[in-house]
Amino acid sequence: MASHTSFDWLKISPAMPNEQIRHAALQHQAQLTKPPGALGRLEEIAVQLAALQHTLHPSVDHVQISIFAADHGVATENISAFPQAVTTEMIRNFTAGGAAINVLARTLSAQLEVINLGTVHSTDTLTNVRHYHLGAGTANFMHTAAMNENQLAAALNAGSTSVEQARANNQQLLIAGEMGIGNTTSATALACLLLNLPPAQVAGAGSGLDSKGIAHKINVIERALTLHRSHTHSSLEALRRVGGFEIAALTGAYIRGAQLGLPLLIDGFISTVAALTAEQICMDSRNWFIYAHQSAEPGHAHVLKALDAIPLLDLSMRLGEGSGAAVAVNLLRMACRLHNEMATFSTAHVSTRKQ
Ligand SMILES: O=C(O)c1ccc[n+]([C@@H]2O[C@H](COP(=O)([O-])O)[C@@H](O)[C@H]2O)c1
Ligand SMILES: Cc1cc2nc[nH]c2cc1C
């Protein structure tokens, strides 16, 4: 078993946004040549980034995208529209540059890294993948806990390592994305435990189930929750019992990002469930979260609500891989440039509002 200390770092408090700078950034926004509030949420984003980055000149030019991939034992319950082999096939695709996230990363000149935490099929021959070998996927949580303590600790640490590397490379924003056939079943079960919701309210089509498939998925999750609910006394234990390696890695990345003061752009349903898990394990981590988009997965709305989050975009996306977050980066960049480069009423000699 992992020594107890493996989880001690989760107790470190998140960094504090700078409230004085937030106030100054708000005042600066009021002086720009526009009616107050006319740039809507773009103003909020710039002010939030100013407070997070402790500067009146926020910027997200340097972006790291870390894709965490893993397989899920529960995939043997026929809960996905796609075969489990797709997880490994997509890891290959990520390394070859052909996935959606590769295209988006190129448009953003973002650094992309791929992390395989544990898949049924090996990707060891791929040199541009960080391998963890935590297992051939998680155990099937219909019968037992998905992870043991060692696996959970190692997966959380894998996320933390990506954040520390991003920090060391002076990245200004992290997108943690995920890939794993079956992970909407795992994320749904986890959301149900964390929010005490019935699976029928949270479960959706994932990568493309029909209504019969969704009904079966709900039944699988209900039976799993009957096994785990009474033994789950903490969010960390819920993550160990029904989570996935990549979901735990995302959780670790979000907690470490908050502790080190790195702004985190949250993607879709699975990523937001990990963000909620991070917030429940390490309170106020959410100060560092910016929510990119509303996924088409129905459970996403419940999880966003629990985090008091209103995402920036609603494009009916449901891909994962960090793709929805990547699409939102240019909004953040434009928000920063507007904040940094617009003239003020006084410098541009524009009259202010009538009193
Ligand atoms: O990000 C989302 O909101 C999202 C919603 C539905 C599906 N996905 C992706 O689809 C895969 C999981 O779907 P499934 O049906 O196998 O559970 C996984 O690789 C996710 O990245 C992602
Ligand atoms: C093809 C495919 C690509 C993905 N990317 C993230 N999740 C995915 C699921 C599937 C099925």
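Mentor: Keep in mind that this is a predicted model. Start with ligand 1: strand 4 (173–179), helix 6 (183–195) and helix 11 (269–281) each supply at least two residues of the shell around it.

Trainee: Which helix gives the most to that shell?
Mentor: Helix 6, with three residues.

Trainee: How many residues surround ligand 1?
Mentor: There are 24. The closest are Ser80, Gly206, Gly268, Ser295 and Gly320.

Trainee: New topic. What is the strand order in the sheet?
Mentor: The order is 3-2-1-4-5-6, in an open sheet of six strands. The pairing is parallel.

Trainee: Which strands sit at the edges?
Mentor: Strand 3 (129–131) and strand 6 (289–291). Each of them pairs on one side only.

Trainee: What holds paired strands together in general?
Mentor: Strands of a sheet pair through backbone hydrogen bonds.

Trainee: Back to strand 3. How many bridges link it to strand 2?
Mentor: Three, and strand 2 covers residues 111–118. Look at asparagine 116: its bridge partner in strand 3 is histidine 131.

Trainee: What does helix 3 touch on the sheet?
Mentor: Helix 3 (residues 85–96) touches strand 1 (63–70), strand 2, strand 3 and strand 4. Its direction makes about 155 degrees with that of strand 2.

Trainee: And which strands does helix 5 touch?
Mentor: Helix 5 (residues 149–168) packs on the sheet too, touching strand 1, strand 2 and strand 4. Its angle with strand 2 is about 165 degrees.

Notes: Residues are numbered from 1 along each chain as its sequence is written. Chains are lettered from A and ligands numbered from 1 in the order in which they are written. This is a predicted model: local features need pLDDT of at least 70, side-chain atom pairs count only at pLDDT 80 or more; totals for chains, interfaces and linings use all residues. A residue is near a molecule or strand if its C-beta atom, placed from the backbone, lies within 6 Å of it. Helices (H or I, at least four residues) and strands (E, at least two) are DSSP runs, numbered from the N terminus. Two strands pair if DSSP finds at least two bridges between them. Two residues are in contact if their C-beta atoms, placed from the backbone, lie within 7 Å. Axes are lines fitted to C-alpha atoms, for helices over the stretch in contact, and angles run from 0 to 180 degrees between N-to-C directions.
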